[in-house]
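Student: Could you go through this protein with me, starting with the whole chain and then moving to some details?
Tutor: Gladly, let us look at the picture together.

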Amino acid sequence: MKNHLILILTPLLMFSCEQSPSNNPEEITKMSTKYEIESANWCTYSHPDYLSTPLNMVYKTVIERGEDVKYIKSESQYSGDKLVHKSTRENINNMDIRWQEYPAGNEVRTRDTIIWYDLERTKVLEERSKQSVRYNQYDNNHREISSKIYWWGKLTHEYTYTYSHLTRYGEYKNYAQHNDELMSVQYDTTVFVDNSFSQPLSWKSKQINYFDDTYTYYFTSEKNEYVAEGLSRKDGTVIYLNTKGEVVTNRSYTMEYTWQDALNNTYHSEDYQDGILVNKSKGYTKYVR
């Protein structure tokens, strides 16, 4: 029987902040903030015993922005040349109203609201939909310190962060919606390049999943390298253990970025499971300022 692996590639950010925190979020400048306008990725190799990913199928996201590029007007996702999803936004003061435009017919059900913490629209303060709401909190240096997600009025996800110099310590709890039972807890440590807290240098975490009276672990770690333009390399590992503490799966991945200039990069990645190459992919990201 084939072993199917679900890849969890690190998502490309919609924006990249490169400033130090100030005492006023209004002091963030457009010159120091990059906003994503297009990204794409495609698989160039897939091991037949692990994956059944279509080769060279381009999955692309296009973000339409206003004359002031901090405002998103629409987001479109494509599989090959086919449009599969499009959302449209109305920008009102520090708020975005977002709804699904394509496929049509779900405008009311998919309508949600995003409230921004900062004028440059890089940090979300609150996000509401018909089913859920998320609240984020920040400290006086504009660093995220907590986040809570509620589904149908019940707390389901809870994040808390504390800081010591350039290190952030996080705790994440996931609760069952039907009975409020703790399903998993994750502890992580992130070390940043500088006090802008925008470029993680290393990250490691331990997650415990609870199932009745048993539990399983997985450990994750990443190390990043940077050049003047941005991220240049990412190396990561994910180790899954069973209830006896035995290693079930050992996954590792690398992503290397090449910058054509400050606003355009390409990348390629390789993903391994238990030492076997199971996936290779390529992609690119385009930004504006």
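Tutor: To begin with the whole chain, which is a predicted model, buried residues make up 37% of its 289 residues.

Student: Okay, and how many helices and strands does the protein chain have?
Tutor: The secondary structure of the protein chain comes to 19 strands and zero helices.

Student: What about the accessible surface, how much of that belongs to carbon and sulfur atoms?
Tutor: The accessible surface of the protein chain comes to about 16,200 Å², and carbon and sulfur atoms account for 51% of that area.

Student: Let's zoom in on strand 17, which strands does strand 17 pair with?
Tutor: Strand 17, which covers residues 247-261, pairs in the antiparallel sense with strand 16, residues 230-241, over nine bridges, and strand 17 also pairs in the antiparallel sense with strand 18, residues 264-273, over 10 bridges.

Student: How many residues sit between strand 16 and strand 17?
Tutor: There are five residues between strand 16 and strand 17, which form a hairpin, and in the turn Gly 245 has a positive phi of about 85°. A hairpin also joins strand 17 to strand 18, in this case through two residues.

Student: New topic: is Thr 190 buried or exposed?
Tutor: Thr 190, which is found in strand 13, residues 182-192, has a relative accessible area of 2%, and because that is under the 20% cut-off, Thr 190 counts as buried.

Student: And what is Thr 190 in contact with?
Tutor: Leaving aside neighbours within four places in sequence, Thr 190 is in contact with Leu 166, Thr 167, Arg 168, Pro 200, Ser 202 and Trp 203.

Student: What about Arg 65, where does Arg 65 lie?
Tutor: Arg 65 lies in strand 3, residues 59-65, and although Arg 65 is buried, this residue has no salt bridge.

Student: How far away is the nearest side chain of opposite charge?
Tutor: For Arg 65 that side chain belongs to Glu 36, and the distance is 7.1 Å.

Student: So what does the side chain of Arg 65 reach?
Tutor: The side chain of Arg 65 reaches the backbone oxygen of Glu 36 at 3.0 Å, and the side chain of Arg 65 also reaches the backbone oxygen of Val 69, at 2.8 Å.

Methods. Residues are numbered from 1 along each chain as its sequence is written. This is a predicted model: local features need pLDDT of at least 70, side-chain atom pairs count only at pLDDT 80 or more; totals for chains, interfaces and linings use all residues. Side-chain values use heavy atoms; hydrogens and water are left out. Two strands pair if DSSP finds at least two bridges between them. Helices (H or I, at least four residues) and strands (E, at least two) are DSSP runs, numbered from the N terminus. Buried means under 20% relative accessible area, exposed over 50%, partly exposed in between (1.4 Å probe, protein chains only). Contact means heavy atoms within 4.5 Å. Accessible areas come from the Shrake-Rupley method with a 1.4 Å probe; for residues, only the protein chains shown count as cover. Lys and Arg count as positive and Asp and Glu as negative; His and the chain ends are not counted. A salt bridge is a side-chain nitrogen of Lys or Arg within 4 Å of a carboxyl oxygen of Asp or Glu. A polar contact is a pair of N or O atoms within 3.5 Å; within protein, one must be able to donate a hydrogen and the other to accept it, and residues adjacent in sequence count only if both atoms are side-chain atoms.
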